[in-house]
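Subject: Structure for your review

Dear colleague,

Please find the structure below, together with its sequence.

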There are 2 protein chains.
Amino acid sequence: MRKQSSTNLENEMLINGNCDMAYTLDLIGGRWKPSILWRLAYGAMRYSDLRRSLPAVSERILILQLREMESDGLISRKVYPEVPPRVEYQLTDLGKSLEPVINILTDWGAENRPGSDKKRVRCPVLTIK
Amino acid sequence: MRKQSSTNLENEMLINGNCDMAYTLDLIGGRWKPSILWRLAYGAMRYSDLRRSLPAVSERILILQLREMESDGLISRKVYPEVPPRVEYQLTDLGKSLEPVINILTDWGAENRPGSDKKRVRCPVLTIK
DNA sequence: TCAAGTACTAACATAAATGTAAGTTATGCG
DNA sequence: CGCATAACTTACATTTATGTTAGTACTTGA
């Protein structure tokens, strides 16, 4: 939970409320958000598949990141009243509008990341562990 | 100081080492980095001017952000052996190559930030305090 | 001599982000 | 009944990011 007042929070609000670049970064800057965005860019995914595709993230954190993106309007959550439950996540129009942003961030990284093969790697991070 | 090993660090390395988008975000994602980038985009600045233009950031944090950007190769630090000392910071070629990235992040924010006047605000954050 | 300016550093303190492990609800299946 | 599955939640623990305060070295100008 966040403090109601602190210099830290005040500065964050000051910046995100006045700097367009910082505002955008704030929405996409979580540890697992790029990976989530890249996955949903190809279409809706249910929670269990998202999770299986990201073995390194814990459930709590994955849910946290999804909830933040949902409350920021980047993704939507659709519950199917079945048993066992099914929940699908997908990009909203706002989320889809990030496409050029994602592409240019990816291109710059592909060009400059040490060890990059310059082939625009789309946040794999699905192996290991 | 960072731990030598922790899941947190491992995950960070896993992601930044495999996801181009995350790598880029990592370089520009610090609290004050967008503000610094926007300022240096107009040319070199000395430390004291940078600091005066950002009254809300403490010296320690400003230095930390500058040092990180320097070690990431985005800015360079030039010391003039004068009295009183003069230190100038400026974008490197790598830093300058971020221009389209910065522009698109700013444009998306200008378009979607609540309360935005859609006029591409360039990380002012120089008033207050 | 004393204050002021410059570009810091050090020691300390707090806030926020991320991670771990176990538990929950509901139902179908053998 | 007992186990499995899906999509979580809860309580707790750790790591990292950010912030505060005071102090440094050097020299010039009053």
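In what kind of crossing does α2(A) pass α2(B)? The crossing is left-handed. Please bear in mind throughout that this is a predicted model.

Helix α2 against helix α2

In each of chains A and B, helix α2 covers residues 20-28. The axes of the two helices come within 11 Å and cross at roughly 130°. Because of that angle, α2(A) is classed as oblique to α2(B). On the side of chain A, the contact is made by Met21(A), Leu25(A) and Ile28(A), and on the side of chain B by Met21(B), Leu25(B) and Ile28(B). By class, the contact has six nonpolar residues, with no polar and no charged ones.

From α7(A), the contact draws on Ile102(A), Leu105(A), Thr106(A), Trp108(A), Gly109(A), Ala110(A) and Asn112(A). From α2(B), Asp20(B), Met21(B), Tyr23(B), Thr24(B), Leu25(B), Leu27(B) and Ile28(B) take part. Nine nonpolar, four polar and one charged residues make up this contact.

The residues contributed by α2(A) are Asp20(A), Met21(A), Tyr23(A), Thr24(A), Leu25(A), Leu27(A) and Ile28(A). Those contributed by α7(B) are Ile102(B), Leu105(B), Thr106(B), Trp108(B), Gly109(B), Ala110(B) and Asn112(B). By class, this contact divides into nine nonpolar, four polar and one charged.

Pockets

The largest pocket holds about 1400 Å³ of space. Its lining consists of 37 residues, and those nearest the centre are Gly29(A), Gly30(A), Asp26(B), Gly29(B) and Gly30(B). Both chains take part in this lining: α1 (7-16), α2, α3 (33-40) and α5 (59-71) of chain A, and α1 (7-16), α2, α3 (33-40) and α5 (59-71) of chain B, each supply at least two residues. By class, the lining has 13 nonpolar, 10 polar and 14 charged residues.

The second largest pocket holds about 270 Å³. Of the 16 residues that line this pocket, Leu40(A), Ala41(A), Tyr42(A), Leu91(A) and Glu99(A) lie nearest its centre. The elements that give two or more residues to this lining are α3, β3 (86-91), α6 (93-96) and α7 (99-112) of chain A. The lining divides into eight nonpolar, four polar and four charged residues.

Chain A as a whole

Chain A has seven helices and three strands. Along the sequence, these elements follow the pattern α-α-α-β-α-α-β-β-α-α. The C-alpha trace of chain A spans about 45 × 40 × 30 Å along its principal axes.

With kind regards

Key: Residues numbered from 1 in each chain as written. Chains lettered and ligands numbered in written order. Predicted model: local features only at pLDDT ≥ 70, side-chain atom pairs only at ≥ 80, totals over all residues. Heavy atoms only, no water. Axes fitted to C-alpha atoms, helices over the stretch in contact; angles between N-to-C directions. Helix = DSSP H or I, 4+ residues; strand = E, 2+ residues; numbered from the N terminus. Parallel < 35°, antiparallel > 145°, perpendicular 65-115°, else oblique. Left-handed = near helix turned anticlockwise from the far one by under 90°. Contact = heavy atoms within 4.5 Å. Nonpolar A, V, L, I, M, F, W, Y, C, P; charged D, E, K, R; others polar. 1 Å grid on protein atoms, 1.4 Å probe; cavity = no way out; pocket = protein on both sides within 12 Å on 5 of 7 lines; lining within 4 Å. Points joined across faces, edges and corners; volume = space filled by probe spheres on them.
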